[in-house]
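Subject: Structure for you to look at

Dear colleague,

I am passing on the structure that we spoke about, and below it you will find notes on what was found. Please read them with the sequence and the coordinates open beside you.

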Amino acid sequence: MPELAEVEFFRRRWNPGLGQRIVAVAVHSRARVFRGAPTSAIVSALRGQTLLSSSAAAKHLLFRFSGDTWLGIHLDMSGELLVRPADHRPGKHDHVVLRTTTHALVSADPRMFGRVDLHRGTEPPPWWTALAPPLLSPEFTATAVAEFRRRRARAPLKAVLLLQERFPGVGNWMADEILWRAALHPRRLAGSLTPAEVRTLWRECCRVARLALATIAGRTEADTPPDLNVRIPDTWLFNHRWRDGGRCPRTGCPLVREEIGGRTTCWSPARQKLT
DNA sequence: GTGCTTGTTGGCCA
DNA sequence: GTGGCCAACAAGCA
């Protein structure tokens, strides 16, 4: 589920642990999420350390602890971070539980496509520094989008927007939202865009990232993912994309769903033309 | 039981 | 070498 803004939302969920000492660590030792780091190393590295800060970038989370210890979490499709009372008993899908004296910081992931990584050192791990510049950074320019489009000229726009090396944090629904706002058909080949269309695409990438962060990342702790749709205005494609018989909020015409680039894609034929 | 699922990766192929 | 496409990963839900 989590894309850019949802990842940021989950990052904030662990804020009650900031500045707190981890008094105990519980892990689900056989879970697939630990394929990047042995659970014994995670337990011994984090126990007794203090959570100093956290960051979210693209679909990744990085938590910095004292003792030059870092915990990376990728939530992938079904991961979620939670805060529970200190005496929380781990459920079936709670793979990491970091206990402070007041809270339990929980990382859960039913499908286990996500991963948990441990890093030791004064600097953040290499995979973190190698992430593409965020959509809202000065490095994410219309020129960079134009250059990338030239390299991926023969791929449909939908598939191109999902490439994290240029559009970090963009997932399925964000890609559809961006193309819908830019009035570009998801099947258009990236190489076919005019310079003006490239600029529009870039602008809508930034706009959707900003809107998503403002709307989703700032939700309160009481909000849970099933309530997500409630908070999102009906003027977005988001609220209509999965509903059978959904209609385009701008034209009122029926929406279409089809697989493009290997992913279910929703668009408004009245607004997004192929030619 | 069947058929879906908002992500990523590696292997295959053009 | 580059880039597009697909299956696989695993569990829950309708």
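Let me begin with His95, which has its place in strand E6, and please keep in mind throughout that this is a predicted model. His95 has a relative accessibility of 3%, and because buried means under 20% here, this residue counts as buried. Leaving aside residues up to four places away in sequence, the contacts of His95 are Ala26, Val27, His28, Ala31, Val33, Phe34, Ser107, Ala108, Asp109 and Met112.

Strand E6, residues 94-99, also has a part in covering helix H2: what covers the buried residues of that helix includes E6 together with strand E1 (24-27), E3, E4 and E8. The buried residues in question are Thr39, Ile42, Val43, Ala45 and Leu46. Helix H2, which spans residues 39-46, lies across E3, E4 and E8, and runs at about 55 degrees to E8. After H2 comes Gly48, with a positive phi near 90 degrees.

The strands that H2 lies across, E3, E4 and E8, belong to an open sheet of four strands, in which the order is E2-E3-E4-E8 and the pairing is antiparallel. Strand E2 (51-57) and strand E8 (115-120) stand at the edges with a single partner strand each, and therefore one side of each has no neighbour in the sheet. On average, neighbouring strands of this sheet are turned by 20 degrees against each other, direction ignored. Between strand E4 (residues 69-74) and E8, which run antiparallel, there are six bridges, and Leu71 stands opposite Leu118 in E8.

Another helix, H1 (residues 4-13), lies across E2 and strand E3 (60-65), and its direction is at about 170 degrees to that of E2.

Methods. Residues numbered from 1 in each chain as written. Chains lettered and ligands numbered in written order. Predicted model: local features only at pLDDT ≥ 70, side-chain atom pairs only at ≥ 80, totals over all residues. Heavy atoms only, no water. Pairing = 2+ DSSP bridges. Helix = DSSP H or I, 4+ residues; strand = E, 2+ residues; numbered from the N terminus. Axes fitted to C-alpha atoms, helices over the stretch in contact; angles between N-to-C directions. Contact = heavy atoms within 4.5 Å. Buried < 20%, exposed > 50% of the residue type's maximum accessible area, 1.4 Å probe, protein only.
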